[in-house]
Amino acid sequence: LSGERMTLKRAWISLRANRPWWIFASNIFLMWGAFFFQTGALVYFFHYYVGNTELTAVIAGISTFVPLLGTLTVPLLARRMKKRHVYLVASAVNLLGMGMMMLSGTYALGLIVGAVILSLGAGQRTAIYFSMQADPVDYGVWKTGINTAGILTSINGFLGKVAMAGAGAITGALLSSGGYIANQAQSDSALLAIKACYLYIPALLILASMLWMGRFYRLDDHYEQIRADLDAGRGASPAPAPTTGESPAM
């Protein structure tokens, strides 16, 4: 497409018209927020709530390596259903694992099995997320003739960092308000705050993410035609070139 330089005005023209990206970007707070709440509260949960510090390393290992197995199933799923549906299935698997961990209490085997299921879903969801990330870029090119791939990727990354910072700040606030005291026996309110950060809040965020993407993200329904149009050169004409004095986008 157009080799014209990118400007703030041209970038905004494309972003403003890209509804699928706005929906996808909003979901970053839900999806990655859930992930960062869990990773941030993992040590607290197994040290203070479960009372088994050895499980911390076991669950951390599961959270690191099992998602790789989940990613292996995504190509098969993606051949059989739309990406949105793969995302929903993966989120449901992730949510199932969280539910099993909630029901397990401090029972080690139940927590381990739940963590395996949770991590499989997390791996599937992350894999399909990165596959889906390119689709709103194509939609923007098709809709406006402006390729904002670099900008959208940068914004998505920034939103992920905001989600991480927000999850950390809220976790700290909840632990503090619950009366958490490091290296001490925790009060019931502190234990509730710890469990909420590790399981309850992530589960609510994943459920909200499923409802959000399932209800509003519809790019999959038209993507094949959009891709065909782009391949055939039938997308929108490039937006007008920048006028004199217009600032380029950074």
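Visitor: What makes the span of helix α8 agree with its 29 residues?

Guide: Helix α8 covers residues 188-216 and should span 42 Å at 1.5 Å a residue, and since its end C-alpha atoms are 39 Å apart, the two values agree. The expected span is 1.5 Å times one less than the number of residues, and a helix here is a DSSP run of H or I with at least four residues, numbered from the N terminus, whereas a strand is a run of E with at least two. This is a predicted model, in which local features need pLDDT of at least 70 and side-chain atom pairs count only at pLDDT 80 or more, while totals for chains, interfaces and linings use all residues. Residues are numbered from 1 along each chain as its sequence is written, and side-chain values use heavy atoms, with hydrogens and water left out.

Visitor: Where is the kink in α8 centred?

Guide: The kink is centred on Ala 196 and amounts to about 55°, where the bend at a residue is the angle between axes fitted to the seven residues ending there and the seven starting there.

Visitor: Why is Asp 188 called exposed?

Guide: Asp 188, which lies in helix α8, has a relative accessible area of 66% and is therefore exposed, given that exposed means over 50%, buried under 20% and partly exposed in between, with a 1.4 Å probe and protein chains only. The C-alpha atom of Asp 188 is separated by 48 Å from that of Asp 221, which is 33 residues away along the chain.

Visitor: What makes Asn 183 stand out in its phi angle?

Guide: Asn 183 is not a glycine, and yet its phi is positive, at about 60°. This residue is found in the loop between α7 (149-177) and α8, and its relative accessibility of 66% is why Asn 183 counts as exposed.

Visitor: Why is Ile 151 called buried?

Guide: The relative accessibility of Ile 151 is 18%, so this residue counts as buried.

Visitor: How do you know whether Ile 59 is buried or exposed?

Guide: The relative accessible area of Ile 59 is 0%, and therefore Ile 59 is buried. Ile 59 sits in helix α3 and, not counting residues up to four places away in sequence, touches Leu 42, Phe 46, Leu 111, Ile 112, Ala 115 and Tyr 198, contact meaning heavy atoms within 4.5 Å. Val 43 is 16 residues from Ile 59 in sequence and 9.7 Å from it in space, C-alpha to C-alpha.

Visitor: Which helices do the buried residues of α3 pack against?

Guide: They pack against α2, α4 (83-104), α5 (108-132) and α8; among the buried residues of α3 are Leu 55, Ile 62, Val 66, Gly 70 and Leu 77, along with Ile 59. Helix α3 (residues 54-80) has 27 residues and reaches 40 Å from first to last C-alpha, close to the 39 Å expected at 1.5 Å a residue. α3 also bends by about 30° at Val 74, with a proline, Pro 75, following within four residues.

Visitor: How many helices and strands are there in the protein?

Guide: There are nine helices and zero strands, and from the N terminus on the elements run α-α-α-α-α-α-α-α-α. Of the 250 residues, 44% count as buried, and among contacts between residues at least 6 apart in sequence, 81% join residues at least 24 apart. The C-alpha trace spans about 65 × 45 × 25 Å along its principal axes.
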